[in-house]
Amino acid sequence: MSEEKKSLNFIEHIIEEDLKNGLDKKQLRFRFPPEPNGYLHIGHAASICLNFGLGLRYDAPVNLRFDDTNPEKEEQEYVDAIKKDIEWLGFKWDKELYSSDYFDTLCNWAVEMIKDGKAYIDEQSSEQIREQKGTPTEPGVNSPFRDRSVAENLELFEKMKSGEAPEGSSVLRAKIDMKHVNMHMRDPIMYRIMHKAHHRTGTTWKIYPMYDWTHGESDYLEQISHSICTLEFKSHRDLYDWYVDEVRDSSKLRPKQREFARRNLSYTIMSKRKLLKLVEGDYVTGWDDPRMPTISGLRRRGYTAKSIKNFSEVSGISKRDNVTDVALLEHCIKDDLNKTAPRVMAVLNPLKLVITNYPDTKEENIDASYNDYVENSGSRNVPFSKEIYIEQEDFREEANKKFFRLKLNGEVRLKNAYIIKANSVVKDGNGNVQEVHCTYDEDSLSGSGTEASKRRVKGTLHWVSIKHAIKTEVRVYDRLFVDEAPDSHKSKDFLDFINPNSLTVIKNAFVEPSLKNVKVGDNFQFQRLGYFNVDNDSTPNNIVFNRTVALKDSWSKKENKNQQKQTVKVDSNITDIMTFAGKYLKSREEEGRLSLIDSIFELSKKVSFDSLLHLIKSANSNKEYLAYLMMLNSENIKTDVTDKAVFDTFNKFIGTALGMKNSYVRFQAVDCIGKYLKFKDNYLDLLKTMAVEDKNTHIIERLKEYL
């Protein structure tokens with residue numbers, strides 16, 4: 001299997017099949033069609049990367065077409081922001097187009113449909129139309145206006161168009177089939193009256209086309225070969241094809257609509273309508289607030305274009321809706337900045353440290369590398385003096401043996417500098433430590449080559465010289481929501497889950513002087529603290545840094561603690577299963593392993609599905625993954641994964657197991673896919689790769705059965 005074949009997603013498979021069946025490669029053309037009614041978010045980034053990525057892969061043009069059919073919600077500000085985001089991601093469009101470019105053509109086609117008896121004016125209210133459409137299991141009822149004459153329909157449509165008809169008084173509907181099994185085909189609305197100024201056409205138009213009428217026809221006019229949409233439009237595909245066929249010249253290419261799953265992210269809202277609520281309700285400072293999942297917000301927070309594109313690639317293109325853990329996005333930015341961001345020193349919560357045996361007037365410049373782990377990363381001079389700042393958290397008067405930072409009578413190394421020993425403290429009237437007095441080992445300068453410099457101490461602290469430090473403002477951002485799926489609760493509003501601690505502003509942070517001339521957008525690693533970038537609000541007299549992401553995931557610790565608090569008493573059956581799973585991992589005899597599996601399957605009869613669902617959420621070891629997968633693979637636990645939340649939990653669990661190093665765990669995960677085929681599409685590309693490259697021949701053989 002070639003590398004190219006392995007990397008194909010299902011959309012690319014469709015295109016490859018079309019090319020094999022005679023489609024001329026020169027006819028390939030794609031488009032990205034955003035609505036200019038808000039800023040683009042990380043979910044849109046997946047669509048951008050997919051459509052423009054197809055253009056790059058097949059050397060085909062990609063149009064940027066704004067679906068501007070609703071003047072009530074659209075603004076030029078959004079158009080400009082969308083263009084900026086796409087350019088920042090590194091993509092170039094072939095033509096900049098607007099649905100409003102086609103308003104005349106669409107209107108003329110609508111008139112022709114009226115003349116052909118395929119469209120009519122309906123004067124019912126929207127509620128009446130909705131009621132008459134029926135249900136998925138009950139056919140709709142014809143409108144009393146469905147059989148109007150062509151002449152009357154043309155006259156009424158002209159009144160709609162000229163502005164004589166008031167808003168909401170009538171609509172133009174396509175005449176298709178009110179009994180069609182697809183409710184979108186039950187005489188859909190094509191035009192509605194809106195006496196609103198359009199951001200491009202002004203007050204020229206009094207009627208505006210609906211999305212379904214506009215979308216396919218625009219694709220046809222632009223000769224788009226593959227119209228890639230998200231899954232919610234799959235049920236619209238029949239209507240898309242019907243509309244296109246009504247206007248298409250048989251000699252021209254017929255666009256093909258295909259759908260992929262939208263990107264959903266944990267602890268995040270992806271609805272532009274709800275994001276607008278956050279902006280208008282002042283829960284955030286704007287669309288580009290660094291807590292927002294918008295591309296502009298992520299850019300301002302310090303995310304790079306490369307990290308977002310890598311996230312889209314790693315997350316993949318799926319046929320089924322699922323939720324991606326926000327930790328994957330955070331991993332992608334850390335992976336990028338780890339290689340590119342200069343490492344510098346900053347102190348966010350300063351504690352004064354006085355080196356009593358260091359000369360009062362002495363200053364020295366210490367050469368410090370920007371990255372000790374990357375060759376040719378460069379270096380800078382960091383001034384060192386008698387008085388420095390360290391983090392308050394890095395000092396304790398008394399501490400146990402596991403505290404490897406500074407404590408009284410203890411030693412640490414100052415990064416790139418000397419070994420120091422804490423001797424005494426100065427406190428205020430309330431007993432709070434104000435200063436730590438230390439002594440330094442003059443011969444212990446890092447890199448000096450002396451015996452003292454080679455001496456090992458367990459702790460290394462970052463620091464800044466008080467005399468030379470630059471006072472800055474630091475904004476520490478956390479997740480905007482405390483719930484993993486804030487908009488999934490029927491009885492609560494998503495705003496109820498706003499994290500009250502999503503922003504902490506530190507006014508008295510200090511950074512080393514090498515950061516004096518930073519520019520907006522510059523990224524840095526503040527050693528031991530995280531990745532930070534320079535915010536738009538910075539001025540020459542007040543540099544503002546945003547924390548992009550912490551070095552360690554503090555949220556996983558919070559979640560584990562919460563899970564431990566909520567953990568119910570584990571019964572003896574699960575305890576025994578865990579014991580058998582541990583023995584299975586150590587066993588080298590096939591017969592012994594089979595016996596252990598039988599024992600696990602037997603004990604699974606006594607374990608409830610709810611208990612297993614609770615357990616897999618906190619799985620973190622080979623033994624736990626193996627035990628829970630075996631329980632899933634038994635015939636004894638009745639597992640219902642039709643519920644979306646349950647499906648997402650198991651999907652994440654199985655996906656993690658497929659990527660683990662232990663071959664026993666991977667094998668059981670593959671068996672799980674075989675049992676629960678609903679998960680297969682989500683991991684099809686990975687499974688195909690494993691079927692060729694996995695080191696375990698049993699896994700390869702089993703995959704041949706499933707693929």
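A residue is called buried here when its relative accessible area is under 20%, exposed when that area is over 50%, and partly exposed in between, with a 1.4 Å probe and protein chains only. By this definition, Phe103 and Trp205 are both buried. The model is a predicted one, in which local features need pLDDT of at least 70 and side-chain atom pairs count only at pLDDT 80 or more, while totals for chains, interfaces and linings use all residues. Residues are numbered from 1 along each chain as its sequence is written, and side-chain values use heavy atoms, with hydrogens and water left out.

A quick overall view comes first. The protein has 707 residues, and 51% of them count as buried. Its C-alpha atoms fill a box of roughly 100 × 75 × 50 Å along the principal axes. The protein holds 22 helices and 29 strands, where helices (H or I, at least four residues) and strands (E, at least two) are DSSP runs numbered from the N terminus. With contact taken as heavy atoms within 4.5 Å, residues 24 or more positions apart supply 71% of the contacts that have a separation of 6 or more.

Aromatic rings come next. A pair of aromatic rings is described by the distance of the centres and the angle of the planes. Rings of Phe, Tyr and Trp (its six-membered ring) pair if their centres lie within 6.5 Å, and planes under 30 degrees apart count as stacked, over 60 as edge-to-face and the rest as tilted. The count by this rule is 24 aromatic pairs. In one of them, the ring centres of Tyr39 and Tyr78 are 5.9 Å apart and the planes stand at 80°, so the pair is edge-to-face. Tyr39 belongs to the loop between E1 and helix H3 (42-57) and Tyr78 to helix H4, so the pair ties together parts 39 residues apart in sequence. Both Tyr39 and Tyr78 are buried. Phe103 and Trp205 have ring centres 5.8 Å apart and planes at 80°, so this pair is edge-to-face. It links distant parts of the chain, with Phe103 in helix H5 (residues 103-115) and Trp205 in the loop between strand E6 (189-193) and strand E7 (207-209), 102 residues apart. One aromatic cluster is formed by Tyr358, Phe384, Tyr418, Tyr440 and Trp463.

Charges also meet rings. A charge sits over a ring if NZ of Lys or CZ of Arg is within 6 Å of the ring centre and within 35 degrees of the ring normal. The charged end of Arg200 sits over the ring of Tyr98, 3.9 Å from its centre, and Arg479 lies over the face of Tyr267 at 4.8 Å from the ring centre.

Strand E27 (residues 523-526) points Asn523 and Gln525 one way and Phe524 and Phe526 the other, with all of these buried. Two bridges connect E27 in parallel to strand E12 (residues 343-344), while four bridges connect E27 to strand E28 (residues 530-534), which run antiparallel. Gln525 stands opposite Arg343, and has Tyr531 as its bridge partner in E28. E27 and E28 form a hairpin with three residues between them, and Arg528 in the turn has a positive phi of about 75°.

Finally, helix H22 (residues 697-706) has Ile699, Ile700, Leu703 and Tyr706 as its buried residues. Down the H22 axis these fall within an arc of 120°, so they line one face of the helix; the arc is that of the directions from the helix axis to the C-beta atoms. The face turned away from the buried side carries the exposed residues Thr697, His698, Lys704 and Glu705. The buried residues of H22 pack against helix H20 (663-675) and H21.

Conventions
Pairing = 2+ DSSP bridges.
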